[in-house]
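Please consult the sequence and the structure shown below alongside the text.

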Amino acid sequence: MTDPEDLAPRTRGVIALLEANCTVCMLCVRECPDWCIHITSHTETVQPPGAARPRQVNVLDRFAIDYGQCLYCGICVEVCPFDALHWAPDFGYPGTGSAEGEGAVAELVHERDRLGEWVAAAPPPPPLDPAAEPAPEAAPRGGRPGRPGT
């Protein structure tokens with residue numbers, strides 16, 4: 001087996017979720033050719049300070065990826081307009097099963113807490129322009145983690 005340190009920095013391992021950036025737009029679910037992403041959410045009414053009217057916001061309840069169905073095509077990472085999904089270089093995730101037959105299929109569905117753990121290892125994307133200003137999501141907002149690698 002190849003040592004992870006010998007691989008290119010942006011080699012595909014697993015898909016990680018930066019939950020703070022997910023707006024529950026469902027683009028990743030709609031574009032997935034295998035329908036291996038499962039999202040459930042609900043709406044809540046919030047009153048922003050200084051706003052005249054309350055507004056509805058989507059709240060993420062469940063975000064799971066079934067790696068037993070995933071093709072690792074990366075379409076979900078590419079279509080996410082809010083950079084909530086990233087490739088993380090983790091290759092030792094469960095689901096391969098043991099010699100005794102334990103844990104093969106049941107451990108292939110990963111929920112948002114596990115997907116969120118992987119995002120810390122996701123390398124930052126290369127800069128688009130050396131003179132460009134950093135993206136607004138690169139800075140932490142309200143105590144939430146920023147973009148991976150920043």
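## Cysteines

Cys 32 is buried, with a relative accessible area of 9%; buried denotes under 20% relative accessible area, exposed over 50%, and partly exposed the range in between, for a 1.4 Å probe and protein chains only. Cys 76 is likewise counted as buried, at a relative accessibility of 7%.

The search of the whole structure returns 0 disulfides, a disulfide being a pair of cysteine sulfur atoms within 2.5 Å. Cys 32 takes part in no disulfide, and its nearest cysteine sulfur, that of Cys 36, lies 3.7 Å away. For Cys 76, the closest cysteine sulfur is that of Cys 73; the two are 6.4 Å apart and therefore too far for a bond.

## Basis and confidence

The model is predicted, and local features require a pLDDT of at least 70, side-chain atom pairs count only at pLDDT 80 or more, and totals for chains, interfaces and linings use all residues. Residues are numbered from 1 along each chain as its sequence is written, and side-chain values use heavy atoms, with hydrogens and water left out.

The mean pLDDT of the protein chain is 79, and 70% of the residues score at least 70; pLDDT is the predictor's confidence in each residue, on a scale from 0 to 100.

## Secondary structure and strand pairing

The protein chain contains 3 helices and 5 strands. These are DSSP runs numbered from the N terminus, helices (H or I) having at least four residues and strands (E) at least two. Along the sequence, the elements follow the pattern β-α-β-β-α-β-β-α.

Strands E2 (residues 37-46) and E3 (residues 55-66) run antiparallel and are joined by 10 bridges; two strands pair if DSSP finds at least two bridges between them. Within this pairing, Thr 45 has Gln 56 in E3 as its bridge partner. Strand E3 also pairs with E5 in the antiparallel sense, over 2 bridges, and Ile 65 has His 110 in E5 as its bridge partner.

## Burial, contacts and surface

Of the 150 residues in the protein chain, 30% are buried. Among contacts (heavy atoms within 4.5 Å) with a separation of 6 or more, 70% join residues 24 or more positions apart.

The chain exposes about 9,400 Å², of which carbon and sulfur atoms supply 55%. Accessible areas come from the Shrake-Rupley method with a 1.4 Å probe, and for residues only the protein chains shown count as cover.
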